[in-house]
Amino acid sequence: VIVDDHAYTIPANLELAGVAPLLCAGITTYAPYKDHGLDKAGLKIGVVGLGGLGHMAVKFGVAFGCEVFVISRSKAKEAEAIAMGAKAIIPSGDEAALKEAAGTLDGIIDTVSAKHDITTLTTLLAPRGRLVMVGLPPQQPTLNHFDMILRNLTVSGSVIGNLAMTQEMLDFCGQHNITADVEVIDMDYVNKAMVRMEEGDVKFRFVIDINKSLAL
C-alpha cells in the first residue's frame, strides 16, 4: 500500500510490458523536450542513437509534430528509424552527410553513453540551437567555444522528471498510443539477456515477466 500521491495512473489502452520502460527511458527522453522547449510542432530535432533511450526520443518527437532525424554512425538502422516516424538517419561517420546537415537542427537529444564527439553534434545545430545530453559517456566533452558563442548555442543536461511530469508523460503516451519496443523474458533468461545487452542485441528493452516467473 502506498500514498496515492506517489502512484501513477496507467492508461488502459497501453500494454503493460511496453509501459514499464516508460518509467525510465520514457520520462528520461520526454523531459528534455518539455524542459527545453523542443516540443513544438515543426522543429527539426536530432536524436543521437537508436537504442533504449533513442527510440523513445524518436517516438516522442514525432508525436509532438517535430521533424526527427536520427544521428547514428551509419545508416544501418534507417529502416527502423523511418518506421518510427523519423525522416532519415544522419550518419556521423559520413563527412559529406554531416556537411549537408550542418546548421539545420533546432535541437538535439543525445542519448549515447559511449565515447563520441560532441563538437560534431553542435555543428549540426542552427543558431540558438540546443543540445541536451541524457546519456553518460565516459569522457569529458570538448566544445568549440568560439562556435558556441558566435551562434549562441546551448549545451545542457537532463535527468528524468518529477511525479507530475511522469504522469503527464504517461497520459501523453495514452493519447498517442506510445509504448517502448520490448522483448519480454522469463527470470531464468536474465543472465543471457545481460550478455545480449553488452553486445547491443536488444530492441529495445528487456522486460521480465514476473507473474510467469513466480509461477515457476
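Helices (H or I, at least four residues) and strands (E, at least two) are DSSP runs, numbered from the N terminus. The model is predicted: local features need pLDDT of at least 70, side-chain atom pairs count only at pLDDT 80 or more, and totals for chains, interfaces and linings use all residues. Residues are numbered from 1 along each chain as its sequence is written, and side-chain values use heavy atoms, with hydrogens and water left out.

Start with Tyr 8. Tyr 8 sits in the segment before helix H1 (16–19). Its relative accessibility is 32%, so Tyr 8 counts as partly exposed. The classes are: buried, under 20% relative accessible area; exposed, over 50%; partly exposed, in between (1.4 Å probe, protein chains only).

Six strands form an open sheet in the order E3-E2-E1-E4-E5-E6, with parallel pairing. Strands E3 (88–91) and E6 (154–157) are the edges, and each pairs on one side only. Neighbouring strands of this sheet are turned by 25 degrees against each other on average, direction ignored. Two strands pair if DSSP finds at least two bridges between them.

Look at two of these pairings. Strand E4 (residues 105–110) and strand E5 (residues 125–133) run parallel and are joined by five bridges. Here Gly 107 stands opposite Arg 130 in E5. E1 and E2 also run parallel, joined by five bridges. Val 48 faces Ile 71 in E2. E2 is mostly covered, with five of its six residues buried.

Contact here means heavy atoms within 4.5 Å. Axes are lines fitted to C-alpha atoms, for helices over the stretch in contact, and angles run from 0 to 180 degrees between N-to-C directions.

Strand E4 is joined to E5 by five bridges. Helix H2 (residues 25–35) packs on the sheet and touches strand E1 (44–48), E4 and E5; its direction makes about 150 degrees with that of E4. Helix H3 (residues 52–63) also packs on the sheet, touching E1 and strand E2 (67–72), and its direction makes about 160 degrees with that of E2.

Thr 29 belongs to helix H2. Thr 29 is buried, at 0% relative accessible area. Beyond its neighbours within four places in sequence, Thr 29 contacts Leu 53, Met 56, Ala 57, Phe 60, Ile 109 and Thr 111.

Finally, the charges. The structure holds ten salt bridges, each a side-chain nitrogen of Lys or Arg within 4 Å of a carboxyl oxygen of Asp or Glu. Glu 80 pairs with Lys 203, with the closest N and O atoms 3.3 Å apart. Glu 80 lies in helix H4 (residues 78–83) and Lys 203 in the loop between helix H9 (190–198) and strand E8 (205–208), so the pair ties together parts that are 123 residues apart in sequence. Asp 147 and Arg 151 form another salt bridge (2.8 Å, N to O). Both Asp 147 and Arg 151 are buried.
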